[in-house]
Amino acid sequence: MRFLAVTGGHRVDRDAFTAMLAGICAERGWVFQHAVQPAAQDWLGPEHRGVFDAVLCYDLPGLALRRGTAPRPVPPAPFVARRLSELLDAGQGFVFLHHALAGWPAWPGWAEVLGGRYHYAPASLRGRDWPDSGFRYARYTARICAADHPVCAGVGDFELSDELYCCPVFSSDVVPLLRADAPPGAFRETYHEVLGTERNGPAWEHPAASDLIGWAKSAGRSPVVYLQPGDGPDTLGHPAYRRLVANALEWVSSAAAHEWASRHRTQVTLPLSVVWERNQVMDLQLTGRKALVTGASRGIGRAIAVELAREGCDLALCARGAEPLEALAKELGGTVYTQAVDVSDEQAVAGFVDAAAEQLSGLDVVVSNVSAGGLKGPDQWRLSFEADLMAFVRMVEAAVPHLERSDAAAIVAIGTTSAFDTLPPTSANSYAALKAAVLEHASGLGHALARKGIRVNTVSPGPIDFPGGAWDKLHEGRPEFYEGIRARIPIGRLGHAEEVARAVTFLASPAASFCTAVNLVVDGGFTSRVQF
Ligand SMILES: NC(=O)c1ccc[n+]([C@@H]2O[C@H](COP(=O)([O-])OP(=O)(O)OC[C@H]3O[C@@H](n4cnc5c(N)ncnc54)[C@H](OP(=O)(O)O)[C@@H]3O)[C@@H](O)[C@H]2O)c1
């Protein structure tokens, strides 16, 4: 085993830390290399996946910390965040220790990678406002709570005197490994400690601390372990702690852990500033436009909403579930109206379109994205008819009076390559047939509504893979089928939701002012017909 140890960003007892790593390597016949932030980031990209069997992070990136000054979050440079998330999605074992939990506070997705976040300053996380986190030193028992997990193999409960945290931990999303059994005691707040000032006003309060101090989880397709217990020399020299660290490194580098993480793949979400960082070389003239997107809470619809927001649109978004929409609205900021709507309900669709136009003071863009999918079942034809075709028909009927008042009105419907291709994954079901009807109707509307100044186009994606989507499930459940499809795509991979979103955004924008009744295929060359 060869692992990379990363430090930097927070003080580390270098002698004790190096002695621990040397001890582990001597005992297990391993080797390690040491890199310091920010130079360590050179190693944290997808091209280096597998160079190290595991990465051990005892660092604190993304936070400028100096006693006497306010802790200042520093967002990751776009290429740093992109490379890290690609590395995680490719599958690289990571073990994080102690204050690594405070890393990249300006990157919400990083807290999801680690399973919680230690806040040096008040911040919001998962849509909730948090005070700065707390710390205290105590003599406590570290209790193993998953004796049969490989990380805990051969480790019993052990006593130590070190630092405990009071901060948000996503306990229900992680596999608990270690808990702190500590006598009661008060936590001290971090912000004023760093600043060296006394708090004015009401006393510091924080929701009760979690007793979890060690857990396993997945991030992208990577197995991840976080071990908090402490950072003092006694802890780093403690045989039980060392064994935990060594076991964690061994587990995250094992085939079993990679297989587990792949089955529990999670999305590594880039900071919006990174998603939006690309230079604009073409002005799509969407700033201030009012756009409605259906099925916007995940997958392709969500990516379309993000892309339109990036271009400066005010948004009206719907899906059946309200919560993910509200969370997205909070993340996007700006004007975002959300409503829980089932688009197969005729009245609800018309109501949503009118409410959206009222809330946004008009409508310029309508994206019909919902599909009932391709599952077979007794009611599937009716479901597809209502959710794929009739929802689009009714949405257009309800939207036309509003769109007529826009000087750049556009409708985009989402099709699929299955509507005009007969090879797998296409099969004889309602999905392909009703999507073909959507393409046909959109083309007709493109001609019929042109004189009203409303353009109508479709975007037909090929197989698009995103965490939690249909292809992600096939990747796990039927890997040989997934691989067979991937092998047929000339670009060599399945598409990303953002790649569809960009095509939709272009057709929705005034930059596509002479495009109507177009079906733009976004499939990496998957379908072989000549597009004319
Ligand atoms: N993914 C692909 O590979 C692929 C390929 C070709 C075409 N497409 C097309 O792209 C579009 C989006 O696909 P996707 O894979 O991103 O889908 P998805 O992951 O299943 O997401 C569907 C979205 O629509 C919402 N939704 C589902 N039924 C709804 C209903 N009756 N009323 C209102 N909202 C509803 C869902 O939220 P709730 O569950 O909360 O309602 C969710 O926000 C679909 O038209 C699909 O046919 C996808």
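**Close-up views of a predicted model**

**View 1. The loop that holds proline 425.** Proline 425 is situated in the loop that links strand S19 (409–414) with helix H13 (430–448). In this predicted model, the peptide bond leading from proline 424 to proline 425 is cis, and its omega is near 15°.

View 2. Glutamine 37 and proline 38 are joined by a cis peptide bond with an omega of about 0°. Proline 38 belongs to the loop between strand S2 (31–36) and strand S3 (54–59).

**View 3. Histidine 98 and its backbone angle.** Although histidine 98 is not a glycine, its phi is positive, near 40°. The residue is located in the loop between strand S6 (93–97) and helix H3 (108–114). Is histidine 98 buried or exposed? Histidine 98 is buried, because 25 other C-beta atoms lie within 10 Å, and the cut-off for a buried residue is 20 or more.

**View 4. Arginine 126 and its backbone angle.** Arginine 126, likewise a residue other than glycine, has a positive phi near 50°. Its place is the loop between strand S7 (123–125) and strand S8 (128–130). Arginine 126 counts as partly exposed because 13 other C-beta atoms are found within 10 Å, whereas an exposed residue has 12 or fewer.

**View 5. An open sheet with parallel pairing.** Seven strands make up this open sheet, and their order is S17-S16-S15-S18-S19-S20-S21, with parallel pairing. Strand S17 (336–340) and strand S21 (519–522) are the edge strands, each pairing on one side only. On average, neighbouring strands of the sheet are turned by 15° against each other, direction ignored. Within the sheet, S19 and strand S20 (residues 454–461) run parallel and are joined by six bridges. Isoleucine 414 has valine 459 of S20 as its bridge partner.

**View 6. Two helices lying across strands of the sheet.** Helix H10 (residues 323–332) lies across S16 and S17, and runs at about 175° to S17. Helix H16 (residues 497–508) lies across strand S15 (290–294), strand S18 (365–368), S19, S20 and S21. The direction of H16 is at about 165° to S20.

**View 7. The shell around the ligand.** Which of the 28 residues around the ligand come nearest? They are Gly295, Gly299, Arg320, Gly321 and Ser371. Helix H9 (299–310), strand S16 (314–319) and helix H14 (470–477) are the elements that each supply two or more residues to the shell. H9 gives the most, with three residues. By type, the shell comprises 14 nonpolar, eleven polar and three charged residues.

How values were computed. Residues numbered from 1 in each chain as written. Predicted model: local features only at pLDDT ≥ 70, side-chain atom pairs only at ≥ 80, totals over all residues. Near = placed C-beta within 6 Å. Helix = DSSP H or I, 4+ residues; strand = E, 2+ residues; numbered from the N terminus. Nonpolar A, V, L, I, M, F, W, Y, C, P; charged D, E, K, R; others polar. Pairing = 2+ DSSP bridges. Axes fitted to C-alpha atoms, helices over the stretch in contact; angles between N-to-C directions. Contact = placed C-beta atoms within 7 Å.
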